[in-house]
Amino acid sequence: MASAPHTLASLPEISRNVATWVAEVAALTRPERIHWCDGSEAEAAALRAALVARGELQPLNPDTFPRCYLYRSDPTDVARVEHLTFVCTRTQEDAGPNNNWMAPAAAHEKMRGLFSGCMRGRTLYVVPYCMGPLDSPYARCGVEITDSGYVVLNMGLMTRMGRAALERIATDGGRFVRGLHSTGELDPERRFIMHYPEELAIESYGSGYGGNALLGKKCHALRIASYQARTEGWLAEHMLIVGLQNPAGETHYVAAAFPSACGKTNLAMLIPPESLPGWKIYTIGDDIAWLQPGPDGRLWAINPESGYFGVVPGTNRATNRNAFDMISHDAIFTNVALTADGEPWWEGRKKHVPAIDWQGRPYDPANGPAAHPNSRFTVSARQNPSYSPAAEDPHGVPISALIFGGRRRELAPLVYEARSWQHGVLVAASVASETTAAATGQVGVVRRDPMAMKPFAGYNFGDYFAHWLAMGQRLARAPRIFHVNWFRQDAAGKFLWPGYGENLRVLHWMLERCAGRVGARDGAIGLLPRPEDLDTTGLGIDPSVLAELTTVPPAALKKELADIRTYLADLGARTPAALYSELDEIERRLGA
Ligand code: OXD
Ligand code: MN
């Protein structure tokens with residue numbers, strides 16, 4: 001698995017398979033020049049300078065935000081476009097009702113038309129990358145061909161990019177995920193994100209926005225990888241990975257899946273509150289986990305990424321000091337506002353006021369938020385004060401608990417535990433959450449988002465749930481499964497739980513459950529903490545609020561179960577019968 005010493009070879013000489021594909025793409029797209037990325041700092045610096053000279057990047061205040069840049073995307077291109085994202089398997093049934101589908105031949109033909117001659121006058125960048133530590137048996141490589149310098153800079157932060165990745169491709173037998181990307185004309189009518197899991201290929205045209213254009217992230221590490229993981233016996237999930245060290249010095253790792261913009265980055269770099277002294281947090285990843293059964297019967301996780309592409313609004317020293325410090329140097333900001341002295345500004349930033357909005361206009365509150373609600377930062381994970389060296393471990397970290405959750409005003413309690421792996425798979429498959437600005441479309445509507453993978457599973461959800469069930473059978477020491485909801489509100493719309501660092505109290509309960517040191521109440525929905533099981537010292541939370549947070553009104557649960565049953569049935573015949581048995585069991589316990 002170690003890199004081959006191709007140090008004397010030029011980049012195009014390292015892998016014949018890559019070079020052949022680059023030549024084919026160049027013949028189709030007709031670029032003015034081709035640049036093979038070596039991933040060096042000198043290369044990134046030259047590219048930043050070129051983008052600044054062309055007005056595509058703007059340096060931010062060098063005293064307060066050294067080596068930080070602002071990038072403004074096209075105002076019609078600010079989020080993932082789920083309605084223009086396709087999974088192109090041979091049969092529509094394999095993509096499932098959870099994906100838009102197009103037959104591979106038709107999709108290739110459509111994309112060929114769009115890509116034909118699209119890089120005339122532009123540079124074609126060849127971006128070899130490795131998802132996961134370069135020496136990890138679990139890492140997988142890809143090559144993105146793009147005509148966007150912004151994409152190259154972001155891929156340089158988000159992945160292990162350059163010569164070493166190309167060398168790994170060569171030693172891996174020349175196998176890699178082929179990702180072809182062009183910003184095209186940024187015309188929403190000519191924008192498609194196509195995935196061909198059976199061919200390990202991606203084609204993306206017409207968008208320069210993160211999740212549509214940084215192909216290593218959602219397209220490769222989730223959609224293609226989830227498909228590949230099923231055939232190879234592992235899991236590619238939309239999960240953060242975090243290590244929690246308790247005051248006694250024991251460290252446990254948990255992985256947590258929440259839909260986009262529901263606080264994964266905050267949880268991954270949580271700051272323990274002063275009222276919980278002695279805890280330490282170690283971040284492994286904030287968005288994606290690749291999970292493998294280990295020889296010891298436990299589930300082991302790596303973070304395939306090496307950087308964060310996080311939501312900016314709401315970040316401040318009180319909500320997430322680590323994140324704030326991490327983005328105050330060497331960061332790329334996308335679609336934030338500017339202060340008069342050239343600092344980035346976003347809603348929730350306590351200091352200063354915006355002068356210029358995210359579209360470059362003088363700030364006027366009548367135009368809406370100053371920063372786009374889905375404005376982002378891109379930084380290397382190494383800048384995170386809580387970054388763990390274990391993120392570089394080729395074998396990953398062992399997972400004690402899996403956590404699922406969503407953003408729900410009502411119904412879902414603060415936390416509960418699944419009774420078994422099979423029950424946990426139902427809990428995960430039933431996740432529902434209010435939509436956020438991470439994808440285009442209406443915000444705040446509750447939708448089902450199984451395992452937080454609705455936009456990212458590269459195959460039929462029925463098969464995906466069956467794969468999850470099968471994985472449990474291969475794990476002698478499977479992680480326990482929990483569900484959380486930090487977002488429960490009272491009738492007046494006030495959040496019942498303080499969230500952020502205080503979420504550690506809930507994580508503490510989970511770890512104590514894993515160690516068999518704390519009790520729970522057996523409720524119909526699952527195992528819930530009794531008031532005395534949660535450490536709420538110093539929180540000043542009213543007992544009635546705590547009671548509300550940890551109970552589910554039976555009538556509402558009954559309705560929810562009926563809704564889940566309909567949802568699963570609508571997914572079709574491939575939904576495993578075991579999930580219906582789990583629903584029957586909850587209904588039986590509810591006396592429904
Ligand atoms: C992301 C997303 O960018 O989930 O991570 O949209
Ligand atoms: Mn995400």
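Author: The questions below concern a ligand site and a ring pair in this predicted model.

Reader: What makes S260 a polar contact of ligand 1?

Author: The cut-off is a pair of N or O atoms within 3.5 Å. The side chain of D287 has an N or O atom 3.1 Å from a ligand 1 oxygen, and a polar side-chain atom of R376 lies 2.9 Å from an oxygen atom of ligand 1. Of the 210 Å² of accessible area that ligand 1 has on its own, the protein covers 95%.

Reader: Where does ligand 1 sit?

Author: Ligand 1 sits in the largest pocket. The residues around ligand 1 include R80, K217, K218, H238, F309 and F456. By class, the shell divides into three nonpolar, two polar and five charged residues.

Reader: Why is the pair of W21 and F176 called tilted?

Author: Ring centres must lie within 6.5 Å to pair, and planes under 30 degrees apart count as stacked, over 60 as edge-to-face and the rest as tilted. The centres of the W21 and F176 rings are 5.9 Å apart, so they pair, and their planes are at 55°, so the pair is tilted. By this rule there are 19 aromatic pairs.

Reader: Which parts of the chain does the pair link?

Author: The pair links distant parts: W21 is in helix α2, and F176 is in the loop between α7 and β9, 155 residues apart.

Note on methods:
Residues are numbered from 1 along each chain as its sequence is written. Chains are lettered from A and ligands numbered from 1 in the order in which they are written. This is a predicted model: local features need pLDDT of at least 70, side-chain atom pairs count only at pLDDT 80 or more; totals for chains, interfaces and linings use all residues. Side-chain values use heavy atoms; hydrogens and water are left out. A residue is near a molecule or strand if one of its heavy atoms lies within 4 Å of it. A polar contact is a pair of N or O atoms within 3.5 Å; within protein, one must be able to donate a hydrogen and the other to accept it, and residues adjacent in sequence count only if both atoms are side-chain atoms. Accessible areas come from the Shrake-Rupley method with a 1.4 Å probe; for residues, only the protein chains shown count as cover. On a 1 Å grid over the protein atoms alone, a cavity is a set of points where a 1.4 Å probe fits but cannot get out, and a pocket is an open set with protein on both sides within 12 Å along at least five of seven lines; lining residues have an atom within 4 Å of a point. A molecule sits in a cavity or pocket if more than half of its atoms lie within 2 Å of its grid points. Ala, Val, Leu, Ile, Met, Phe, Trp, Tyr, Cys and Pro count as nonpolar, Asp, Glu, Lys and Arg as charged, and the others, Gly among them, as polar. Rings of Phe, Tyr and Trp (its six-membered ring) pair if their centres lie within 6.5 Å; planes under 30 degrees apart count as stacked, over 60 as edge-to-face and the rest as tilted. Helices (H or I, at least four residues) and strands (E, at least two) are DSSP runs, numbered from the N terminus.
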